[in-house]
Structures are given as C-alpha cells and as structure tokens.
Amino acid sequence: MKNIFSVILMMFAILAMVSCDSLNPSERLMVGKWYYSKSMNNDGVETTLEYHDDKTYIVNGTMRFVWDVDDGVQEVVILSLTGKGTWSIIDKMQNTNTTDVDIKIVDVSFQGENLTDDRTVIQELIASEKKRLYYDKVIPWKKECIGEYSSRIITLNETTCVTVDKDGDKTEMRRIK
C-alpha cells in the first residue's frame with residue numbers, strides 16, 4: 001500500500017511540475033542573460049537584459065550621448081538605465097510590458113577647443129545642464145519606456161536573438177549566460 005501511495009504521489013508531483021512550465025519552445029530559448037550594444041557616431045548604448053522563466057525581465061545599461069553645443073564645444077552625457085517588466089513570445093513576436101524604469105544622469109561634461117578655462121563657469125553650466133536634461137530628456141524617456149512593445153523575431157537560437165521593430169530598426173543581442 002505504501003508503494004502504491006508513493007507512486008501516485010510521485011505521479012502528481014511530476015504532473016504538477018510539467019503543468020507549471022508555461023513557456024513555449026521560443027520562450028525557453030529566450031530565458032537567460034543577453035547583451036546588446038549599439039554605436040552611432042559618438043553616441044552609444046550598452047545593456048544587459050535578463051529574461052526569467054517566470055516571464056519577468058530586468059534590464060541594466062548605460063547610454064552615452066555627445067551633442068554639439070556651440071563653436072567646437074561638445075556636451076558629453078552619460079545616463080544609467082534600469083527597468084523591469086514582463087515578456088512573452090507569441091507567433092514569432094517578442095512582446096514586453098515595461099512596468100518600471102529608472103534613468104539617472106551619471107555624468108555631464110564638456111569638451112572642445114573653445115571651452116573656457118574658468119572652472120566656476122563650467123561647474124555652473126554642468127549643474128544647469130543636469131537640471132535641463134532631467135526635465136527635457138529623462139522624464140520624457142521614462143514615460144516613453146513604460147508600456148507595451150512588440151518586435152518580430154528574425155533569429156532566435158542559443159547564442160543570438162535578432163528582432164525588428166515596427167519602424168524597421170534591427171536589434172541584435174548575444175547570450176552571455
């Protein structure tokens with residue numbers, strides 16, 4: 001009697017484990033840690049994305065922007081990005097719903113031949129620029145990042161994920177874990 005009870009209990013445990021796996025084959029391939037980087041001129045983005053088997057994800061990254069300010073002077077801005085949300089893959093579409101985003105200004109600096117040598121002026125400019133960036137860039141970007149986003153999967157295997165969004169922009173990630 002004990003053996004029959006043990007076998008039945010084991011069968012229920014196996015059935016429970018099998019029914020808990022709600023990931024389709026593409027989603028199983030997506031689970032893990034991925035790296036993405038993109039450079040354009042002096043600007044760049046570097047992120048890691050972790051897709052978990054409970055269909056949540058987290059993203060961490062940095063963004064670097066270089067803007068021409070005036071007469072040979074450039075502004076260099078470095079931002080950090082963290083976010084989290086949920087994800088799924090249905091019919092070769094990767095769907096994400098970002099529920100939380102934080103963007104922080106890590107550094108603002110100026111460079112160029114015509115930059116003043118007056119450190120006080122530069123410090124005041126940096127402080128002013130950090131405030132402007134927060135209101136003009138960070139807040140709108142945070143709002144833009146929250147919500148649902150879909151892209152078509154072109155390639156998904158053990159090492160690479162390539163997607164294309166509705167605007168035709170291609171993203172290529174490589175697995176790091």
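Colleague: What should I know before I start?

Modeller: The model is predicted: local features need pLDDT of at least 70, side-chain atom pairs count only at pLDDT 80 or more, and totals for chains, interfaces and linings use all residues. Residues are numbered from 1 along each chain as its sequence is written, and side-chain values use heavy atoms, leaving out hydrogens and water.

Colleague: In what order do the eight strands close into a barrel?

Modeller: Strands of a sheet pair through backbone hydrogen bonds, either parallel or antiparallel. Here the order is E1-E2-E3-E4-E5-E6-E7-E8, with antiparallel pairing. Neighbouring strands are turned by 30° against each other on average, direction ignored. Strands are DSSP runs of E, at least two residues; helices are runs of H or I, at least four; both are numbered from the N terminus. A pair needs at least two DSSP bridges. Axes are lines fitted to C-alpha atoms, for helices over the stretch in contact, with angles from 0 to 180 degrees between N-to-C directions.

Colleague: How many bridges join E1 to E8?

Modeller: Two, between residues 32-40 and 170-175. Tyrosine 35 stands opposite arginine 174 in E8.

Colleague: Which strands does helix H3 lie across?

Modeller: Helix H3 (residues 119-145) lies across E3, E4, E5 and E6, at about 170° to E5. Glutamate 129 sits in H3. Beyond four places in sequence, glutamate 129 contacts (heavy atoms within 4.5 Å) Glu75, Val108 and Phe110.

Colleague: Why does glutamate 129 count as buried?

Modeller: Because its relative accessibility is 10%. Buried means under 20% relative accessible area, exposed over 50%, partly exposed in between (1.4 Å probe, protein chains only).

Colleague: And why does threonine 47 count as buried?

Modeller: Because its relative accessibility is 8%. Threonine 47 lies in strand E2. Among its contacts beyond four places in sequence are Trp34, Tyr35 and Val59.
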